[in-house]
Amino acid sequence: MKCTCQCSCLQWLVLALVKLLDGNWPWTSKKFRKYSAEFSRKECPRMNSVLLFYLSYLLCLCLGFLCVVFVSYWNSAWRGGFAWDGTALQFNWHPVLMVTGLVVLYGNAAVVYRIPLTWGQNKLRWKLVHASMLFLALLLTVLGLCAVFSFHNANGTPNLYSLHSWLGICTAALFAAQWALGLAAFLLPCSPMAFRRLVKPLHVWMGGFIFTLSIAACISGINEKLFFVLKGSTNGTQPYSMLPPEAVFANSLGVLIIAFGLVVLKILSNQTWQRPEAVHEELSKPLLGEDS
């Protein structure tokens with residue numbers, strides 16, 4: 001069998017060489033040249049767009065991973081680690097949970113519909129992935145808020161007095177409302193189609209708005225934390241204005257968060273990367289059942 005296969009391949013190569021020498025090779029024909037030109041005109045831009053998406057998505061994943069690594073290392077190496085005992089070690093959970101949940105998980109959940117490999121699959125399963133990732137992000141956000149409120153209460157520190165705290169609590173509240181509205185509109189079988197049509201543009205816009213707010217809250221939180229802990233002679237540290245290593249590292253974390261946000265917003269704003277979908281698939285099929 002192996003010998004026969006090798007002979008057949010050798011015969012095919014000889015025949016191809018003869019056709020090439022005779023000028024009868026398919027790529028010399030007008031029909032093939034026309035097909036090649038049509039393919040280049042239609043398919044090459046689409047292939048380039050898909051390639052550019054995957055490069056952007058890979059960058060998104062790498063930046064998100066670096067954000068989690070940086071915020072974890074910052075609070076482990078410079079702030080002493082983690083605990084849940086009402087001390088400053090408990091506070092260290094707050095930035096880690098907020099960056100991981102409210103920025104990295106939220107951003108990746110927002111772009112999951114844009115992955116071209118998912119376009120040929122049933123959207124219902126990706127609705128579940130999208131909702132599950134956002135629920136996990138919301139859970140981490142709530143835990144992050146519990147960490148900081150519990151720490152403040154244990155040490156007699158006032159809550160919700162800074163601009164950072166206002167941004168953070170508003171972002172978390174809008175996030176919770178957004179998730180509940182998405183559940184009611186797109187996952188419950190009792191949701192009417194007219195309500196889904198009404199909610200969908202608002203849901204998309206609010207998603208980007210909440211993500212932008214979360215980045216602003218995290219950046220302001222990093223800055224506020226550095227002002228509190230790098231006071232110079234009062235607590236034995238170098239002042240923030242001298243840019244000690246901790247300040248450089250935490251500022252770099254802020255830059256990574258901004259870069260991650262810009263990549264996510266770029267993916268969301270590119271119209272050619274939107275998932276092509278039939279109206280009936282999106283609007284008339286809830287995840288948890290069928291309409292009555």
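## Close-up views of a predicted model

**View 1. Helix H4 packs against helix H7.** In this predicted model, H4 covers residues 93-111 and H7 covers residues 193-229. Their axes lie 10 Å apart, at an angle of about 145°. The crossing of H4 and H7 is left-handed.

**View 2. Side by side, the residues where H4 meets H7.** H4 brings Met98, Val99, Leu102, Val103, Tyr106 and Gly107. H7 brings Met206, Gly207, Ile210, Phe211, Ser214 and Cys218. By type, the residues of this contact comprise 9 nonpolar, 3 polar and no charged. Why does the spacing of residues matter along a helix? An α-helix has 3.6 residues a turn, so residues three or four places apart point the same way.

**View 3. Phe91 in helix H3.** Helix H3 runs over residues 88-91, and Phe91 belongs to it. Is Phe91 buried or exposed? Its relative accessibility is 15%, so Phe91 counts as buried, the cut-off being under 20%. Leaving out residues up to four places away in sequence, Phe91 touches Val148, Phe151 and Lys225. Arg79 sits 12 residues from Phe91 in sequence. In space, their C-alpha atoms are 9.6 Å apart.

**View 4. Helix H5 and its two ends.** H5 holds 33 residues, 123-155. At 1.5 Å a residue, H5 should span 48 Å, and its end C-alpha atoms are 48 Å apart, so the two agree. Asn122 caps the N-terminal end of H5. One of its side-chain oxygens lies 2.9 Å from the backbone nitrogen of Leu124. Just after H5 comes Gly156, with a positive phi of about 70°.

Notes. Residues are numbered from 1 along each chain as its sequence is written. This is a predicted model: local features need pLDDT of at least 70, side-chain atom pairs count only at pLDDT 80 or more; totals for chains, interfaces and linings use all residues. Side-chain values use heavy atoms; hydrogens and water are left out. Axes are lines fitted to C-alpha atoms, for helices over the stretch in contact, and angles run from 0 to 180 degrees between N-to-C directions. Helices (H or I, at least four residues) and strands (E, at least two) are DSSP runs, numbered from the N terminus. A crossing is left-handed if the near helix is turned anticlockwise from the far one by less than a right angle, and right-handed if clockwise. Contact means heavy atoms within 4.5 Å. Ala, Val, Leu, Ile, Met, Phe, Trp, Tyr, Cys and Pro count as nonpolar, Asp, Glu, Lys and Arg as charged, and the others, Gly among them, as polar. Buried means under 20% relative accessible area, exposed over 50%, partly exposed in between (1.4 Å probe, protein chains only). The expected span of a helix is 1.5 Å times one less than its number of residues. A polar contact is a pair of N or O atoms within 3.5 Å; within protein, one must be able to donate a hydrogen and the other to accept it, and residues adjacent in sequence count only if both atoms are side-chain atoms.
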